[in-house]
Amino acid sequence: MTHKRLLLVMAHPDDAEFSAGGLMTLWHQAGHRIKILCLTNGNAGHHTLSRSELADQRLDEARQAATLVGADLEIWPVDDGRLTPSIELREKLIGAIRDFAPHLIVTHRTADYHPDHRATGQLVQDSAYLLQVPAIAPEHPALSQMPSILLSYDRFRDPRPFRFDWVIDTASVQDNVINLLACHASQVFDWLPSLMPETNYSYDTAWLKQFYQRKPTKVAATYRAINPTGASLEFAEAFEISDYGSRFTPDHYSFL
Ligand SMILES: [Zn+2]
């Protein structure tokens, strides 16, 4: 079997699981390869832990989640909230993408609530053409085949709402996604609840399931509204095709 390689280039150590936990699970179940590349260490996402304590904890959490989907994991030593689309990081990213040689990249759109997400989307976009230019980052051989690039779902309407270009049914793996998210305990059981208005409440796995499933439910409902053939879809993940990658052919991923 020729292994398909999926590379998630995300800003923080839980973004891949929140954005594409279903895709990763289905990809892993089909026996293909995954790498999660986090461009920051996520060390600002907590209300009591220091940056260094949180970076260590989030590395452990990300490793646990990566293990569940058989993914390689790389986390860059960049502070959470301080990612910029610099030329230095662009060339580092070009090297990382070339070394893994993915068929498919998933990243953020450049319209998103978090500046690190926007910077990550920008870095992938800025790297794309240069992946095939040998004079850039010459210590990593240039790619002969460009990957396709997909952008994860967000709710932002400015400058343009998200396009539902590729929608996958994640109903069969919802529990797996909850298990992936539960690995990120510092986020889903500490930080997220600290932002919730109700403090006298049990923020446990049952709550996490209820909280997380709003998104795949909304994605499925939105897709059903624009595409009546998806009438039975209950939980879904959606992706937008980036013009910066090679042509995306869903048939290549019919194993999902
Ligand atoms: Zn994030």
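User: Hi! Is Ala137 buried or exposed?
Analyst: Ala137 counts as buried, because it has 21 C-beta neighbours inside 10 Å. The cut-offs are 20 or more other C-beta atoms within 10 Å for buried, 12 or fewer for exposed and partly exposed in between, with C-beta atoms placed from the backbone. This is a predicted model, where local features need pLDDT of at least 70, side-chain atom pairs count only at pLDDT 80 or more, and totals for chains, interfaces and linings use all residues. Residues are numbered from 1 along each chain as its sequence is written.

User: What is the phi of Ala137?
Analyst: Phi is near 45 degrees, a positive value in a residue other than glycine.

User: And where is Ala101, buried or partly exposed?
Analyst: Ala101 is partly exposed, since it has 14 C-beta neighbours inside 10 Å. Its phi is positive too, about 50 degrees.

User: Switching topic: which residues does a cis peptide bond join?
Analyst: Asp158 and Pro159, with omega about 10 degrees.

User: What does Leu181 touch?
Analyst: Beyond neighbours within four places in sequence, Leu181 contacts Glu17, Phe18, Gly21, Val188, Leu208 and Tyr212. Contact here means C-beta atoms, placed from the backbone, within 7 Å.

User: Which residues have the most contacts inside the largest nonpolar core?
Analyst: Leu181 is one of them, and the others are Leu8, Val9, Met24, Ile36, Leu39 and Ala236. That core has 61 residues; a nonpolar core is a set of buried Ala, Val, Leu, Ile, Met, Phe, Trp, Tyr and Cys residues joined through C-beta atoms within 7 Å.

Conventions: Contact = placed C-beta atoms within 7 Å.
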